[in-house]
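Here is a short briefing on one protein chain. Look at the sequence and the structure first, then read the points below.

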Amino acid sequence: MGAQAVNSALQALQSWTLADPWALSLSVLALAPWLVTRRRDQLSWPTIDAFPARSWVRDLRLWRVPDGILSLAILAFAVALARPQKVGGTERLNSQGIAIEFALDRSSSMTGKPMSPGPETASRLASAIDTFDAFVAARPDDLIGLVTFAGSATRLCAPTLDHAFLREATRSIRPSGPGDAGTNIGHALALALGELRAVNSQRKVLVLLTDGRNEPPQDALSTPIAPEDVARLAPSFGVILYTIAIGAPDKEDGDRADVALLKTLAALGRGKFYEASEPADLLRAYHEIDSLERSSLVSIVRTRYLEGYPVWIGMGLALLLLSRVLASGPYRHQP
């Protein structure tokens with residue numbers, strides 16, 4: 001137990017650093033009280049015991065205790081000036097990496113069905129969310145945003161470096177209900193492209209994930225947007241478009257991604273098309289996009305420090321007060 005306590009104490013000390021170590025040179029001033037007192041003429045106060053022989057015990061009683069405490073106070077102030085501190089966390093302030101916007105299909109076809117027949121039981125939407133989370137965790141220096149869509153598109157999170165918030169937001173994704181039926185790919189691409197246009201980044205990427213066909217709602221309140229028109233605009237805004245078809249390619253139920261359309265969109269957007277029939281395929285697609293869209297620039301990180309100097313200042317003041325109380329009391333200097 002004793003060795004463990006010592007090791008713990010040493011590790012705790014190693015976590016502290018000094019912001020201004022030069023201030024420790026002021027610790028030589030701790031000798032000042034001793035030197036000043038030694039130069040002062042001392043005369044024991046006469047008592048009925050006459051003049052007893054001087055001894056180190058009597059010297060300690062007369063003046064060394066207050067001066068010793070005063071020296072400790074000076075040492076504490078010197079340590080405070082050196083500003084002991086330890087890392088209390090980091091915060092990313094800015095990034096010059098890539099801006100990546102995802103458009104994720106959350107239509108009813110994305111839930112309740114695994115990506116491919118077999119022992120895998122997670123729905124396509126759950127698999128897409130899990131792999132998206134892993135992708136975000138692997139790219140801390142990039143602005144990443146997310147748009148979800150079914151019959152209409154919704155911005156879930158604007159491109160951000162706050163990936164903790166983004167990953168938390170993805171946990172709130174739910175499949176669409178009866179009032180939001182459809183798969184409005186054109187609206188989703190237009191909203192995602194608009195998000196990227198507002199970002200100041202040297203490289204911009206848009207990733208579309210869907211298991212269906214472009215089936216916007218047919219009502220008088222909205223005008224359908226052709227996905228091809230949006231894909232043609234992407235390169236002019238400096239955006240590369242990747243498309244991913246989710247689901248087994250040999251399904252016979254007719255509920256299958258429009259591969260021809262997704263290939264066309266990727267070609268118009270100067271990107272690449274991927275087909276993911278199982279979670280491993282989706283992960284490989286993300287890994288390839290990750291390797292293709294790498295930035296050599298890094299983000300600016302601000303380190304937050306926990307300052308320890310207030311404790312040392314308080315300790316120094318307490319010792320200074322104690323030394324003055326003792327010097328004016330039982331340990332006072334006698335002329």
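Helices (H or I, at least four residues) and strands (E, at least two) are DSSP runs, numbered from the N terminus. By that rule, the chain has ten helices and nine strands. This is a predicted model, in which local features need pLDDT of at least 70, side-chain atom pairs count only at pLDDT 80 or more, and totals for chains, interfaces and linings use all residues. Residues are numbered from 1 along each chain as its sequence is written, and side-chain values use heavy atoms, with hydrogens and water left out.

**The whole chain**
- The chain has 335 residues, and 41% of them count as buried (under 20% relative accessible area; exposed is over 50%, partly exposed in between; 1.4 Å probe, protein chains only).
- Among contacts (heavy atoms within 4.5 Å) with a separation of 6 or more, 81% come from residues 24 or more positions apart.
- The accessible surface, from the Shrake-Rupley method with a 1.4 Å probe, is about 18,400 Å², and carbon and sulfur atoms hold 59% of it.

**Asp142**
- Asp142 sits in the loop between helix H4 (124-137) and strand S4 (143-149).
- Asp142 counts as buried because its relative accessibility is 4%.
- The side chains of Asp142 and Arg139 are joined by a polar contact of 2.5 Å (a pair of N or O atoms within 3.5 Å; within protein, one must be able to donate a hydrogen and the other to accept it, and residues adjacent in sequence count only if both atoms are side-chain atoms).

**Gly194**
- Gly194 is part of helix H6 (residues 185-197).
- Its relative accessibility is 36%, so Gly194 counts as partly exposed.
- Gly194 is 40 residues from Ala234 in sequence, and their C-alpha atoms are 9.8 Å apart in space.
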